[in-house]
Amino acid sequence: MKLPFRILIVDDDPGTLEAISDLLKEAGYEIDVASNGQEAIRKARQNKFEVVITDLSMPRMDGMELLGHFMKHQPDTYVIMLTGVGTIATAVEAMKQGAFDYLSKPAKSDEILLVLKRAEEMMLLRAENDLLRSQLKERYCFDKIIGKSEPMQAIYRMIERVARTDSTILITGESGTGKELIANAVHYNSERKDKPFIPINCGAIPEELLESELFGHEKGSFTGAYREHLGRFELAHQGTIFLDEIGEMSPKLQVKLLRFLQEKKFERVGGARTIQVDTRIVAATNKDLEKMVSAGSFREDLFYRLNVIPIRVPPLRERIEDIPLLIQHFLKQHSQKKDIPLKRISKAALSAMQAYSWPGNVRELENAIERLVILTEGDEIQMEDLPQRMAQMQAKPSFSTIGIEGGGIDLKGTLEELENSLILEALKKAGGVKNQAAKLLGLNRTTLIEKMKKKKLCCPDPPDK
Ligand SMILES: Nc1ncnc2c1ncn2[C@@H]1O[C@H](COP(=O)(O)OP(=O)(O)OP(=O)(O)O)[C@@H](O)[C@H]1O
Ligand SMILES: [Mg+2]
């Protein structure tokens, strides 16, 4: 996590402004200056400053008034007061009003830098705290993951078993199957749950940047690296790092990651110091890493180190019994979010959705439901409301579409019924010509006639012209 840290210096004395600006610029800080309170407020409206260093006594608007402005309108800004001789009492008052600290004029360089370092540390703590709090609010236990099919239950059992260990986990599955959700569940069901869960998408960041994002960099390690920067492995200390799209990682970084997996150690970019952290790795990919290993684009040794606990998330089409549950869940979620009355879904629409192949998996289903919640006019979603690609699907019978809950089905009878209706449909389409109907069904003519005799099926009327 790289936090911005911009400083605004306010003083009516050009000499002080220049001296402090030079010092802070040299220390690598990003700064701006203002020579009075009004100018400071104007600049702070256009640009967010994390810190304001202001003189206390200035003509028109003094430092106390400026402090009051920031406390009211931008209370996250740290205000540091510069006080002249004999104004200690006011400085104390300023602290009471919410100033971060004060410095007596002329302020010594090391004092200024020290106060800023403290402000920066406070800010990092605050940001981490906010992050943790927001993550806790959205605690991903299993109740965030919907699905009771056998493959999903096997995944829950697996998460339970491995969450409390420190083993590296590799989650594989097509895009949109819920890999990130599962990574979250691993973290929040582990003893690391009160420490950070830090995700990073290895495919979304260019290689050089990714290295410094993951492992951090030392000050001066490249142009623009004014200050040291903590990488995500350090930020996730005692917590979990989620390396998403691991298949996109460059060979160079693969080596560095392998070393971390072997020794839990690394160096920041441009640094010689070896850093050791206790970070658990959960990785995910929608690529076939084994194929990539054979093709030479992914290191075999790294693959084995990552694949200690493999979790494969099956595509949605392999667990169609979860589809009705997911639909209910997303219908409820999106109706509530948009304050729209909850809609029902017709049996026909539901079976078409179960018959559809969902190449984009749960994400595609969620998006489809969100659209249906907004666009469907009645209170029941019908076949006609579905996108073309779904409505075209031949509805396949299933436990839920046949309408049998719990009790079981008569498989033979159901298949028979399906066979009958398909034979009749083929005959109708072929205008009663048995040769042609047999072709449509992939049968030979005599088999079709035998079946018709046995089932006592007659030729239906040809389709309407
Ligand atoms: N079993 C599930 N229950 C509820 N919501 C789910 C489930 N699986 C996935 N989702 C939702 O679907 C969306 C996609 O899930 P997620 O981001 O975890 O997928 P992914 O496998 O990481 O995809 P990608 O490979 O594209 O990154 C998210 O909004 C997620 O909340
Ligand atoms: Mg993902």
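Is arginine 344 buried, exposed or partly exposed? Arginine 344 is partly exposed, because its relative accessibility is 49%. Buried stands for under 20% relative accessible area, exposed for over 50%, and partly exposed for values in between, with a 1.4 Å probe and protein chains only.

This is a predicted model, where local features need pLDDT of at least 70, side-chain atom pairs count only at pLDDT 80 or more, and totals for chains, interfaces and linings use all residues. Residues are numbered from 1 along each chain as its sequence is written, chains are lettered from A and ligands numbered from 1 in the order in which they are written, and side-chain values use heavy atoms, with hydrogens and water left out.

**Domains**

The domain assignment lists domain 1 (6–130), domain 2 (150–312), domain 3 (317–402) and domain 4 (411–455). Such bounds come from an automatic or database domain assignment. The centres of domain 1 and domain 3 lie 56 Å apart, taken over C-alpha atoms.

Asp55 carries the UniProt annotation "modified residue: 4-aspartylphosphate", from an unreviewed entry. UniProt positions follow the numbering used here, feature names are shortened, and annotations may be inferred rather than shown by experiment. Aspartate 55 sits in strand β3 (residues 51–55). Strands (E, at least two residues) and helices (H or I, at least four) are DSSP runs, numbered from the N terminus. Aspartate 55 counts as buried because its relative accessible area is 3%. Its contacts include Asp11, Asp12 and Lys105, not counting residues up to four places away in sequence. Contact means heavy atoms within 4.5 Å. The peptide bond from lysine 105 to proline 106 is cis, with omega near -10°. Proline 106 belongs to the loop between β5 (101–104) and α5 (109–137).

**Second largest pocket**

The second largest pocket has a volume of about 700 Å³. Its lining has 29 residues, with Gly176, Gly178, Leu181, Arg363 and Glu366 nearest the centre. Two or more lining residues come from each of α7 (179–188), β11 (280–285), α13 (323–338) and α15 (361–375). Domain 2 (150–312) and domain 3 (317–402) each give at least three residues to this lining.

A pocket is an open set of points on a 1 Å grid over the protein atoms alone, where a 1.4 Å probe fits, with protein on both sides within 12 Å along at least five of seven lines; lining residues have an atom within 4 Å of a point. Grid points are joined across faces, edges and corners, and the volume is the space filled by probe spheres set on the points.

Arginine 344 lies in strand β13 (residues 344–345). Arginine 344 touches Asp379, Glu380 and Ile381, not counting residues up to four places away in sequence. Helix α14 (residues 347–355) has 7 of its 9 residues buried. Among them are Leu350, Met353 and Gln354. Alanine 348, also in α14, is partly exposed.

Two loop residues have positive phi without being glycine. Aspartate 339 has phi near 60°, and tryptophan 358 has about 45°. Aspartate 339 is in the loop between α13 and β13, tryptophan 358 in the loop between α14 and α15.

| Residue | Relative accessibility | Class |
|---|---|---|
| Aspartate 339 | 70% | exposed |
| Alanine 348 | 41% | partly exposed |
| Tryptophan 358 | 0% | buried |
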